[in-house]
Amino acid sequence: MQGSVWQKLQSIDRRILYALLLVVIIVPLFLPIRLPTVTMPSTQRLYDAIESIPPNGFIIISSTWSGGTRAENMPQTIAILRHAMQRRLRVAVFSFDVQGTQLSLDIAKRLAQEYGYEYGKDWVHWGFRPQAEVVMKSMVRDIPGTFDKDYDGKPTKDMPVMQGIRDIKDVHAIVEIAASGIYASWIGLVVGVNPDLKFGFCPTSVMVPETYPYLASGQIVGTMEGMRGAAEYESLLRKPGLASVGMGSISLAHVLIMLLIVIGNIGYFASRGRRS
Amino acid sequence: MEQLWQDFLSRPGIYIGGICTLALMSLIYRENAVYRFFEHIFIGLAAGFSIVALVKNILDPFLYRPVFEKGEWYWTFVFMFGLLFYFIHSRKYNWLSRLPIGFLMGFSAGQTFQIFANTYLPQLSDSFRPLYVTTPDGAVDIARGVNNLIFMIVLVTVMSYFFFSFEQKSRAIRNSAQFGRWVMMVAFGAIFGTTIMARMALLFDRMYYIFGDWLRLVR
Amino acid sequence: MLEPLVRFFAPKPLSVIPYYVAGAVVFSILVVILLINLPARARKPLIAIVTFLAGLFYATEFFWPIDEATNKNFLTDYLVSASKLGSLLAGMTLTLGILSLLRVHGRNVVRLRSGWYNSLALLTAMVAMVIFGFMDKYSDNATAKRVFNVLFEGMLINMDATMFSLIAFYIVSASYRAFRIRSIEATILMTAAFLVMLAQVPVGLALTSWIPRDGVWDFLRLEVIKEWLLTVLNAAALRAIAFGLGIGSLAISLRIWLSLERGAYFEKEI
């Protein structure tokens with residue numbers, strides 16, 4: 001009888017596990033868990049980098065994500081755009097992903113309205129660009145030539161927002177929000193050419209550990225680490241959003257998974273002990 | 001009922017999105033006909049969107065406008081070259097698709113030299129870290145010195161794990177590789193931990209969409 | 001010597017564009033006919049030459065010395081054109097799978113195979129997205145824009161997000177069933193994972209928030225431990241792995257550029 005208990009601990013029905021997961025995710029939506037976040041150094045560095053850009057500085061935001069990772073990348077995009085617009089920087093947005101183009105355009109339009117940003121004068125959306133490496137290589141030397149049209153096919157050459165922007169040396173910062181390893185191409189083709197350029201990266205949580213070697217060498221100035229990073233950035237901006245709301249649910253989900261792993265191992269060791 | 005209908009008419013996308021979300025999530029109970037039906041709709045929408053994206057984001061700005069508005073007629077050759085991709089569906093002339101594929105692969109390969117130099121040389125120079133570190137006011141920073149030493153030891157031992165060109169007979173190299181293996185487990189544990197965060201975030205987003213955006217039970 | 005060629009390929013007045021485009025199409029078709037009739041033994045060398053020339057552009061642009069005064073070499077001015085060429089060419093791969101989809105699902109519907117209604121739903125969704133997608137871009141019809149919004153934001157984006165969110169359930173189930181401490185490596189992996197997981201959520205951070213910051217014992221705070229794990233151990237380990245990957249990718253790229261690569265795709269008879 002006792003032996004079967006340890007076996008049962010190792011083989012809880014998956015539907016019970018799924019139900020438990022749904023409960024821990026849904027309950028905090030109705031009973032919020034309000035705990036203070038601690039801002040990680042990497043998030044603070046990204047925030048400080050954007051803060052250090054002089055007024056009317058030029059920032060490029062590359063929004064290379066799609067609907068599948070919107071949970072993490074959307075709050076990151078909103079946070080970075082908000083910060084740029086709060087600081088009255090000139091903003092250029094584009095994407096190497098077809099879905100990301102439309103999604104970032106919708107977000108930028110909404111925030112532009114909120115901050116009184118005028119299209120063409122304060123911000124521009126360059127649309128979709130496939131084949132990232134060739135675009136990056138070209139934009140280092142000639143930004144107006146590479147992005148001669150906006151998302152709607154209108155010429156960008158005479159837009160006030162693009163005045164004085166010839167090549168990468170005229171850009172103060174680039175922030176890439178992505179769910180892929182595209183940061184390596186940015187570092188290899190753009191950042192390496194102009195070490196004064198601040199390059200920020202907002203990855204999904206999965207990719208966070210692999211960015212640390214580049215944080216250490218200074219090739220990435222700062223990161224927003226997934227949804228948690230977005231929540232930290234929202235608290236730095238004092239504008240809580242979806243990421244901040246989600247931390248309660250995600251906290252409990254983490255605790256659940258750790259408990260389940262511990263339970264499974266207790267069952268494993270106990271049944272191994274009984275067999276020996 | 002009338003109120004529900006009015007609400008649906010004012011935000012049909014949210015209602016339909018909610019239904020689609022629940023239909024696909026039914027998979028977690030078991031594979032079923034409803035899931036399969038909506039899965040096919042999803043694939044159809046994605047395929048249709050790729051066609052729209054091709055015309056709207058590629059052919060219009062990179063072909064039609066340069067050719068018919070700026071007179072840059074030579075882009076026609078590039079378009080015709082790109083059409084060779086579609087010979088991939090031909091059993092007899094399949095090899096023609098290798099021409100544009102080879103071209104794009106060559107394009108990417110040619111840039112690897114610069115990417116390698118700009119990515120890894122700074123990484124290499126950052127790896128040689130000082131063991132004697134002082135703070136701005138001149139005091140010895142023992143913690144940073146120790147951390148730098150640990151960093152370099154870990155780097156070398158993990159690299160030694162990947163020496164496959166010769167048999168690791170020497171005990172020093174075998175022990176070094178074993179230690180490197182253990183340290184790699186720390187990195188993989190960190191990756192596992194952050195992966196959990198990513199997946200839970202995706203699920204949270206869906207639950208917020210259902211209970212917040214759609215049913216408006218949560219603000 | 002190149003002057004006539006440069007003049008021929010220069011932008012032309014819009015009135016003669018249709019003729020030049022038609023000529024380019026006819027010429028391209030003739031080239032394709034020529035390629036089709038190429039002897040089989042000439043195919044692989046031709047592909048190798050195309051691959052090599054494509055890579056030669058960027059490799060030369062990187063290695064060729066730049067003029068100090070202008071900060072560029074003779075190829076730098078062509079980077080923008082190369083990027084447009086690459087974008088146009090790469091963009092045309094977006095719809096490569098459509099023909100297969102149409103073939104498979106079209107056949108299902110026409111022959112009323114099992115699950116034909118699913119295939120019909122797929123084709124209907126595809127056509128609807130195409131029609132309303134074009135109307136959203138090229139017409140002012142408000143209803144069409146609304147329908148496109150429903151199809152894209154309401155359906156496509158939400159379904160994409162839902163598909164990815166299903167992984168959360170599987171990762172819970174897989175972690176619970178498979179994560180067993182059977183070895184030293186597994187113990188280290190699990191310890192690191194637990195520390196990182198606890199330190200990245202407020203509930204976990206609250207466990208050590210009582211330890212004073214900047215005090216003697218602040219290294220026991222979870223976020224400090226996590227930061228140390230990631231910046232020292234993790235960064236060093238992944239950097240070492242990245243060096244190996246970097247050298248490997250350089251070698252592979254060189255092999256692909258010079259058409260030395262072997263394997264199922266490269267060695268297949270064409």
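Two residues are taken to be in contact if their C-beta atoms, placed from the backbone, lie within 7 Å. The model is predicted, and local features need pLDDT of at least 70, while side-chain atom pairs count only at pLDDT 80 or more and totals for chains, interfaces and linings use all residues. Residues are numbered from 1 along each chain as its sequence is written, and chains are lettered from A and ligands numbered from 1 in the order in which they are written.

Chain C meets chain B through 108 of its own residues and 103 residues of chain B. Helices, here DSSP runs of H or I with at least four residues, are numbered from the N terminus, and among those that give two or more residues to this side of chain C are H4 (79-91), H7 (142-178) and H10 (222-257). By class, this side of chain C holds 77 nonpolar, 24 polar and seven charged residues, where Ala, Val, Leu, Ile, Met, Phe, Trp, Tyr, Cys and Pro count as nonpolar, Asp, Glu, Lys and Arg as charged, and the others, Gly among them, as polar.

The axes of H3(B), residues 33-70, and H4(C) come within 10 Å and cross at roughly 145°, the axes being lines fitted to C-alpha atoms over the stretch in contact, with angles from 0 to 180 degrees between N-to-C directions. Leu54(B), Ile58(B), Phe62(B) and Leu63(B) of H3(B) meet Lys84(C), Ser87(C), Leu88(C) and Gly91(C) of H4(C), a set that divides into five nonpolar, two polar and one charged.

Leu88(C) returns in the largest nonpolar core, which has 194 residues and in which Leu45(B), Leu88(C), Leu151(C), Ala236(C) and Ala237(C) have the most contacts. Such a core is a set of buried Ala, Val, Leu, Ile, Met, Phe, Trp, Tyr and Cys residues joined through C-beta atoms within 7 Å, and a residue is buried if 20 or more other C-beta atoms lie within 10 Å of its own. H7(B), residues 171-214, supplies the largest share of this core, 20 residues. Ala236(C), not counting residues up to four places away in sequence, touches Phe151(B), Val154(B), Leu155(B) and Val158(B).

Towards chain A, 45 residues of chain C are in contact with 48 residues of chain A. H7(C) gives the most to this side of chain C, with 14 residues, and the side as a whole has 28 nonpolar, eleven polar and six charged residues.

Notes: Buried ≥ 20, exposed ≤ 12 C-beta atoms within 10 Å, placed from the backbone.
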